[in-house]
Amino acid sequence: MAQKINLLLNKKQIILLGFLLMVTLFVGCTAGVIDSNIEIANRRWTYRNHISTPFEIKDNTKAYNIYFKLRHTADYKYANIFILAHFKDGKKMITRRYQYKLAKNDGEWLGSGSGNVFSYTLPMLTSYHFPQNGKFEIEIEQNMRDNPLLEISDVGLLIEEAK
C-alpha cells in the first residue's frame, strides 16, 4: 500500500513539475510589452477616434521595437495610410506623422490576407530606448483626408524587446 501511495505521489510530482516547466518556458518566451488590437466600430475610423494604448516600461536599458498594427478590408480605397502618433510620457508629448504603403502599384495588397481582411504590422520605431522606466502612452489617430476613413477594421500597437 505504501508503494502505491509513493508511486501516486511521484506521478503527481512529475506532472506538476512538467506543468511548471511548460509554464516557465511560455512565460520566458514572451518579450512583448504590449500587443493590442482595437476594433473600429462599423469600419469607420473618424478623426476623433484616437486609439490610446497605455503601457509600462520596467527596464529602459533594453531596446524596444514599436509597431503600428492595421487591418482593413479589400474595399479600402487607398494604397497607403497616414497616421499621427502621439508619444506621451506623462510630462511631455511628441507627435510624429507616418505614411505606410499598403499596396503595390498594380493594386495588390502588401498585407497578409485572410479572406476579405488584410493585416499589417508596420514599424514605427526600431531599437528604441525609452528615456526612463515608467508609464507611457501612445495615441494613434488617422490623418487621411477622408473623415471617416472607411473599411478600417482594427488598429493596434505592438511593443516588444528588440532582438
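A: A polar contact here is a pair of N or O atoms within 3.5 Å; within protein, one has to be able to donate a hydrogen and the other to accept it, and sequence-adjacent residues count only through two side-chain atoms. What you're looking at is a predicted model, where local features need pLDDT of at least 70, side-chain atom pairs need 80 or more, and totals for chains, interfaces and linings use all residues. Numbering starts from 1 along each chain as its sequence is written, and side-chain values use heavy atoms, with hydrogens and water left out.

Let's start with Gln142. It sits in strand E9, residues 134-142 (strands are DSSP runs of at least two residues, numbered from the N terminus). With a relative accessible area of 1%, Gln142 counts as buried (under 20%; over 50% is exposed, in between is partly exposed, using a 1.4 Å probe on protein chains only). The Gln142 side chain reaches two backbone oxygens: that of Asp146 at 3.0 Å and that of Trp45 at 3.1 Å. Trp45 also turns up on the contact list of Gln142 (heavy atoms within 4.5 Å), which leaves aside neighbours within four places in sequence. Thr46, Tyr47 and Phe82 are on that list too, along with Asn147, Pro148 and Leu149.

Now the rings. There are 10 aromatic pairs in the structure (Phe, Tyr or six-membered Trp rings with centres within 6.5 Å; planes under 30 degrees apart are stacked, over 60 edge-to-face, the rest tilted). One of them is Phe68 with Tyr100, stacked at 5.7 Å centre to centre with 20° between the planes. Phe68 belongs to strand E4 (residues 64-73) and Tyr100 to strand E6 (residues 93-101), so this pair ties together parts 32 residues apart in sequence. Both Phe68 and Tyr100 are buried.

Tyr128 and Phe130 meet at another angle: their centres are 4.9 Å apart and their planes stand at 85°, so this pair is edge-to-face.

Terms used:
Helix = DSSP H or I, 4+ residues; strand = E, 2+ residues; numbered from the N terminus.
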